[in-house]
Amino acid sequence: MNEKGEQTSGGSGGTGLQGTGRQGVAIAAVVLLACGGLVGYGMFTTDEQPAPRAVPTAEVTYEVTGEGTVEISYLARSESGSATVVKNAALPWTKTVQVPLGKDPTVAIVLDDQGGQATCTLAVRGAHVQRATAGGTYGRATCSSPLPPS
């Protein structure tokens with residue numbers, strides 16, 4: 001009973017629903033805050049690694065001319081730093097690559113069992129820096145040069 005002598009119901013009157021409404025708003029607010037926290041956590045904590053810094057390179061042109069077939073090994077930009085090998089390359093052969101500064105560009109040739117003669121040349125940024133000639137059965141030649149700093 002209230003002050004006027006009227007009887008009120010415990011849970012089905014206007015007062016009971018207002019309490020439930022406030023409780024629902026409080027729960028919704030907590031859920032929204034939790035979702036916002038998860039989204040924020042996902043935005044600021046990722047497993048992605050920063051991109052590796054670009055290694056400065058120089059343009060290098062390898063060229064092999066002559067007669068016969070050769071095996072050619074040359075250095076190009078690679079993660080492992082290993083040489084690239086071209087077997088049974090027909091001549092003439094030219095390849096322009098980017099070589100990381102600090103790595104010496106190198107091209108090596110080996111003639112096959114038929115022999116012949118082949119010349120390797122190495123150009124860095126368009127300027128020829130070395131030439132070598134191989135001759136005869138399994139003849140070998142290597143061209144290599146340090147890269148200028150810039």
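Is Lys87 buried or exposed? Lys87 is exposed, because its relative accessible area is 59%, and exposed here means over 50%, buried under 20% and partly exposed in between, with a 1.4 Å probe and protein chains only. The model is predicted: local features need pLDDT of at least 70, side-chain atom pairs count only at pLDDT 80 or more, and totals for chains, interfaces and linings use all residues. Residues are numbered from 1 along each chain as its sequence is written, and side-chain values use heavy atoms, with hydrogens and water left out.

**Figure 1. The whole protein has one helix and eight strands.**
Helices (H or I, at least four residues) and strands (E, at least two) are DSSP runs, numbered from the N terminus. Along the sequence the pattern reads α-β-β-β-β-β-β-β-β. The protein has 150 residues, and 24% of them count as buried. A contact means heavy atoms within 4.5 Å. Among contacts with a separation of 6 or more, 58% involve residues 24 or more positions apart.

**Figure 2. A salt bridge joins Lys87 and Glu71.**
The structure holds one salt bridge, defined as a side-chain nitrogen of Lys or Arg within 4 Å of a carboxyl oxygen of Asp or Glu. The N to O distance between Lys87 and Glu71 is 3.9 Å. Lys87 lies in strand S3 (residues 84–90) and Glu71 in strand S2, so the bridge ties together parts that are 16 residues apart in sequence. Glu71 counts as partly exposed, because its relative accessibility is 32%.

**Figure 3. Tyr62, Tyr74 and Trp93 form one aromatic cluster.**
A pair of aromatic rings is described by the distance of the centres and the angle of the planes. Rings of Phe, Tyr and Trp (its six-membered ring) pair if their centres lie within 6.5 Å; planes under 30 degrees apart count as stacked, over 60 as edge-to-face and the rest as tilted. The whole structure contains two aromatic pairs. In one, the ring centres of Tyr62 and Tyr74 are 5.6 Å apart and the planes stand at 50°, so this pair is tilted. Tyr62 sits in strand S1 and Tyr74 in strand S2, 12 residues apart, and the pair links distant parts of the chain. Tyr62 is buried, because its relative accessible area is 0%. Tyr74 is buried too, at 7% relative accessibility. The rings of Tyr74 and Trp93 have centres 5.5 Å apart and planes at 50°, so they are also tilted. Tyr74 is in strand S2 and Trp93 in strand S4, so this pair ties together parts 19 residues apart in sequence. Both Tyr74 and Trp93 are buried.

**Figure 4. The largest nonpolar core has 26 residues.**
Such a core is a set of buried Ala, Val, Leu, Ile, Met, Phe, Trp, Tyr and Cys residues joined through side-chain atoms within 4.5 Å. Tyr62, Val64 and Ile72 have the most contacts inside the core. The elements giving two or more residues to it are strands S1 (57–67), S2, S4 (93–100), S5 (106–111), S6 (117–124), S7 (127–135) and S8 (140–144). Val64 touches Val70, Ile72, Leu91, Pro92, Trp93, Ile109, Ala118, Thr119 and Cys120, not counting residues up to four places away in sequence.

**Figure 5. A disulfide joins Cys120 to Cys143.**
A disulfide is a pair of cysteine sulfur atoms within 2.5 Å, and the count by this rule is one. The S to S distance between Cys120 and Cys143 is 2.4 Å. The torsion about their S-S bond is about 90°, so the disulfide is right-handed. Cys120 lies in strand S6 and Cys143 in strand S8, so the pair ties together parts that are 23 residues apart in sequence. Both cysteines, Cys120 and Cys143, are buried.

**Figure 6. Ser73 lies in strand S2 (residues 69–74).**
Ser73 is partly exposed, because its relative accessible area is 22%. Leaving aside neighbours within four places in sequence, Ser73 is in contact with Thr84, Val85, Thr106, Val107 and Ala108. Ser73 and Thr142 are 69 residues apart in sequence and 9.3 Å apart in space, C-alpha to C-alpha.

**Figure 7. Ser145 is placed in the segment after S8.**
Ser145 counts as buried, because its relative accessibility is 14%. Beyond neighbours within four places in sequence, Ser145 is in contact with Asp104, Pro105, Leu122 and Val129.
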